Amino acid sequence: MDTYVGKMSKTCLEMAIDDFYSVHDDYTTRLVLHTRNAMSDAVVATSAAIELLKNYQVKAILGPQQSRQADFIADMGNTTHVPIISFTATSPLLSHLETPYFIRMAQVDTSQLKAIAAIVKAAEWREVVPIYERSHYGSGIISYLADAMQGIGTRIPYRCGISPSATDDQILKELYKLMTMQTRVFIVHMLPNLAYRLFLKANEAGMMRKEYAWIVTDGIASLLGSMDSNVINSMQGVIGVKTYLPQTKELDQFTKRWEERFHEEYPGINHVQLNAFGLGAYDSIFALAMAVEKADIANSQFSKPAIQNNMTDLETIGVSESGPKLLQSVLNTKFNGLSGRVEFINGQLPISAFQIVNLVGNDAISIGHWAENGIIDQLPASNENSTSEKNYLKKIVWPGKSRRIPKGWDIPANEKKLRVGVPVKAGFSQFIKVETDPLTNAPNVTGYCRDVFEAVMNLLRYDDLYEYEPFETSEGSGVSAGSYDDLVKNVSDERFDAVIGDITIRANRAEFVDFTLPYTESGVSMIVPIKGDDKKSAWIFLKPLKAELWITTGAFFVYTGIVIWVLEHRVNKDFRGPPYKQIGTILWFSFSTMVYAQREKVISNLSRFVLIIWIFAVLVLSSSYTASLTSLLTVQQLQPTVTDINALIRNGDYIGYQDGSFVPDLLKSLGVDESKLRVMNTSEEYYENLSKGSINGGVSAIVDELPYLRAVLAKNCSKYKLVGPTYKAAGFGFAFPKGSPLVPDVSRAILRVMESPDMNLITKAWLGDQDKCSEEDETTLTSNSLPLDSFRGLFIIAALASTSALFIFLINFFHENRHILASQQPLKQKVAAIVKTFDEMKEDAHEAAKKEKYKEEGIEMAAGGEIHLTPGATSFSNDEQGLFSPDNSLSSPEPGTLYHAWTVTGMDEDRHRKYSFHSNSDSFLYDKI
């Protein structure tokens with residue numbers, strides 16, 4: 001009871017008994033407190049517990065304050081069957097499952113770890129260091145904390161344990177050790193007395209300034225309002241996580257009464273604040289009082305063993321007869337207390353919400369709450385009141401009165417600068433170049449990659465914290481000490497702290513280092529020379545359409561002509577005649593639709609339907625052909641010599657690549673013969689070998705990463721083109737040691753630099769104006785001919801129209817001639833009959849009506865006595881005031897004589913002329929035909 005928590009708990013316990021029985025005056029049982037001071041010592045606490053059990057036969061023990069005290073007494077409770085109820089022992093090493101008579105009336109320390117992990121995750125810290133008390137209380141949480149950090153991808157590079165008996169000098173020594181490390185985020189978990197000393201020394205060591213972050217657990221955060229002013233001044237900007245207490249009218253009233261009574265009992269303590277531990281003590285009395293009344297154990301005794309020699313005091317105490325009954329009664333108790341809902345799950349309170357506070361001035365300001373769904377503004381709250389964790393972090397005042405979230409790491413002032421490895425290479429110096437200063441013999445690094453790196457580091461305010469070290473055989477030699485893979489491995493070997501340059505992010509390299517996000521375009525492609533214009537080609541008119549489209553179009557012309565012929569042959573005389581004439585009609589009619597010059601009329605409605613669809617298809621095809629041919633003839637065509645890697649392989653051409661690149665492995669995997677690969681070092685060698693070509697000892701194409709090819713095209717886009725597919729690659733990145741906290745910060749800075757105007761300036765300064773080559777010239781080229789796929793839907797529609805019309809015709813035809821199909825004739829005769837029927841001319845309705853009209857008119861004339869005709873058709877024609885030009889069978893007057901002529905023609909049923917009468921004003925003539 002010599003601690004603040006002990007004094008607060010004692011007052012709450014006494015007030016709880018008074019309050020409970022003032023309300024429940026009808027209870028037949030009453031709790032009596034027997035108070036003992038454990039003096040923060042486990043042995044004293046154990047001795048006091050034995051004395052209470054032996055002399056007073058207490059039915060329950062409340063409040064071993066420290067976890068190590070509770071550990072001893074919990075085992076004693078198991079032996080004597082006396083429930084041990086603690087409202088301050090929060091170590092996870094204590095468990096009701098292992099010691100059944102131990103009941104925890106508080107939140108276990110592990111319950112707050114998710115809230116702490118949410119803070120760390122929101123701040124995007126990649127490393128934290130726990131500072132803990134090396135005791136039963138402090139050590140119990142560390143393994144659980146490591147698991148929580150691992151769950152959010154945060155490392156714990158070091159664990160700082162401080163003994164409760166450590167001197168101030170020993171604490172300072174540990175703090176100075178932490179200052180030599182890069183991590184600047186600390187999670188403190190220790191008892192208040194040691195924590196006060198820690199923060200006083202941390203402030204003295206200069207660790208409570210900007211870029212530091214401190215998080216304290218519930219055991220400290222719950223006491224921030226009752227700390228000494230010197231300690232509070234040393235803890236400015238600290239974040240705390242403490243048990244959330246729901247604000248109720250009852251709690252407010254009790255807090256006021258408690259403060260009055262506490263000041264009466266302890267007038268020398270000025271800074272007081274009621275917290276979850278005190279309310280836990282208060283609710284413990286209520287839980288125990290209700291359980292005792294329900295269990296009805298007022299007259300129970302201890303069953304003592306037979307007295308023997310050399311028995312200990314604990315052995316002579318015996319076992320409480322009412323212990324099991326009382327234990328179950330306590331565990332089954334449920335009610336709403338001042339600390340919140342009280343019910344027990346596995347002998348302890350379930351995980352509740354936590355309040356997050358920020359120590360600013362003399363106040364622990366609430367800045368948010370944590371519940372199972374994360375950090376939110378208020379509890380209880382709906383989703384509408386919740387905020388993102390990023391917004392919550394903006395409210396915090398960090399150490400040094402900073403409003404900016406600490407990045408979580410820093411390079412110690414007393415440590416050497418970062419050693420940044422730089423590759424040494426002969427070609428493509430615009431990306432990275434290392435020269436030696438003749439006066440100072442110091443390396444002078446220039447290039448695109450170096451400028452991007454410095455822009456990033458300046459953004460992070462690390463411009464003076466690194467130095468370049470060339471990767472060369474000896475200082476100033478200018479000779480590379482190995483491949484790029486060797487350079488990257490030197491980071492894992494701790495020769496370099498980082499590596500920059502035109503280093504591609506590769507899977508095999510990522511096994512040794514952590515890469516930042518790429519800062520260049522990714523991918524591997526190739527450039528080839530451009531061949532001249534082919535407008536003078538005699539066959540350029542064939543180029544607008546690909547070969548398969550030409551063939552398909554021709555096939556559809558023929559197919560459509562055949563369908564039209566089938567539909568018209570029986571009803572249209574234009575589609576009849578000798579076979580050679582009909583074949584000619586099929587081809588002529590179909591192809592003439594291309595210029596809409598068909599002269600034959602179609603009679604069948606099915607034919608008209610097919611023709612409409614086909615003419616539309618021809619319109620689309622001809623329009624597309626015209627547009628493509630116009631483009632070929634009017635736009636300058638600079639085509640590449642080849643368009644993909646497969647053409648190079650088929651032709652056996654040579655392919656160039658950059659020395660030290662991973663491209664040869666890629667080309668071999670694509671089937672390129674190793675003997676067809678030629679290595680080069682500089683962009684000048686690229687130009688020279690491409691100009692020669694494979695035949696003259698050069699290469700037909702260069703395969704390299706896009707950044708290099710873009711640099712080449714920026715100066716020679718009129719001679720070369722980027723062609724073929726782009727194979728995936730990750731681009732250039734900076735390499736750091738595995739788990740380096742620099743990686744996420746540098747990656748975010750890279751994104752910011754890439755989105756800024758500085759990136760365009762750096763690119764133009766070193767790689768040229770890449771925008772001057774048009775997008776068409778720089779993108780992958782394919783043939784300009786129109787492919788079949790572009791018109792696949794059109795041909796499908798035309799085919800469906802023609803085929804459906806043909807199908808309908810055949811159904812009607814076979815239906816009309818079903819008597820032939822149903823006859824008993826042999827199959828061969830049926831087929832011959834069907835073919836003969838199809839070849840016969842079918843009279844349509846119009847002609848049949850016309851014939852019937854002529855027949856009726858002839859009969860009427862014969863009936864009137866004007867003329868007598870045999871059965872058949874009769875026609876009349878009348879020529880008036882005309883120049884006579886008669887048939888050969890009719891004699892005529894002198895040429896040019898005006899006359900009136902009547903002609904009567906008789907026809908048989910097959911419409912063949914049989915006879916005719918010719919008459920004018922002077923003569924009458926009858927001709928037999």
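Are Phe809 and Phe838 buried or exposed? Phe809 is buried, and Phe838 is buried as well. The model described here is predicted. The chain has 929 residues, and 48% of them count as buried. Its secondary structure consists of 32 helices and 32 strands. Among contacts between residues at least 6 apart in sequence, 69% join residues at least 24 apart.

**Aromatic pairs**

- A pair of aromatic rings is described by the distance of the centres and the angle of the planes.
- Rings count as paired if their centres lie within 6.5 Å, and by this rule there are 38 aromatic pairs.
- One of these is formed by Phe428 and Phe431, with ring centres 6.4 Å apart and planes at 55°, so the pair is tilted.
- Phe428 has a relative accessible area of 3% and is therefore buried.
- Phe431 is also buried, with a relative accessible area of 0%.
- In the pair of Phe809 and Phe838, the centres are 6.3 Å apart; the planes stand at 75°, so this pair is edge-to-face.

**Charges over rings**

- The charged end of Arg506 is placed over the ring of Phe662, at 3.9 Å from the ring centre.
- Over the face of Tyr654 lies Lys676, 4.6 Å from the centre of that ring.

**Helices H19 and H20**

- Two packed helices are described by the angle between their axes and the distance between the axes.
- Helix H19 covers residues 547-568 and helix H20 covers residues 579-592.
- The two pack at an angle of about 120°, and their axes are 8 Å apart.
- H19 and H20 are therefore oblique to each other.
- Their crossing is right-handed.
- On the H19 side, the residues in contact are Gly554, Phe557, Val558, Thr560, Gly561, Ile562, Ile564 and Trp565.
- On the H20 side, they are Gln582, Ile586, Leu587, Phe589, Ser590 and Phe591.

**Helices H4 and H6**

- Helix H6 covers residues 142-151, and its axis comes within 9 Å of the axis of H4.
- The axes of H4 and H6 cross at roughly 40°, and the two helices are therefore oblique to each other.
- The crossing of H4 and H6 is right-handed.
- Leu113, Ala117 and Val120 in H4 meet Tyr144, Leu145, Ala148 and Met149 in H6.
- Asp147 is also found in helix H6.
- With a relative accessible area of 52%, Asp147 is exposed.
- Asp147 and Leu113 are 34 residues apart along the chain, and their C-alpha atoms are separated by 9.5 Å.

**Asn605 in helix H21**

- Asn605 is part of helix H21, which runs over residues 605-634.
- Its relative accessibility is 58%, so Asn605 counts as exposed.
- Along the chain, Asn605 and Ala805 are 200 residues apart, while their C-alpha atoms are separated by 9.4 Å.

**Positive phi in loops**

- Gln57 is not a glycine, yet it has a positive phi of about 45°.
- The loop that holds Gln57 lies between helix H2 (42-56) and strand S1 (61-62).
- Gln57 has a relative accessible area of 18%; the limit for buried is under 20%, and Gln57 is therefore buried.
- Glu124, another residue other than glycine, has a positive phi near 60°.
- Glu124 sits in the loop between helix H4 (113-123) and strand S4 (129-133).
- At 25% relative accessibility, Glu124 counts as partly exposed.

Methods. Residues numbered from 1 in each chain as written. Predicted model: local features only at pLDDT ≥ 70, side-chain atom pairs only at ≥ 80, totals over all residues. Heavy atoms only, no water. Phe/Tyr/Trp six-rings, centres within 6.5 Å; stacked < 30°, edge-to-face > 60°. Buried < 20%, exposed > 50% of the residue type's maximum accessible area, 1.4 Å probe, protein only. Lys NZ or Arg CZ within 6 Å of the ring centre and 35° of its normal. Axes fitted to C-alpha atoms, helices over the stretch in contact; angles between N-to-C directions. Helix = DSSP H or I, 4+ residues; strand = E, 2+ residues; numbered from the N terminus. Parallel < 35°, antiparallel > 145°, perpendicular 65-115°, else oblique. Left-handed = near helix turned anticlockwise from the far one by under 90°. Contact = heavy atoms within 4.5 Å.
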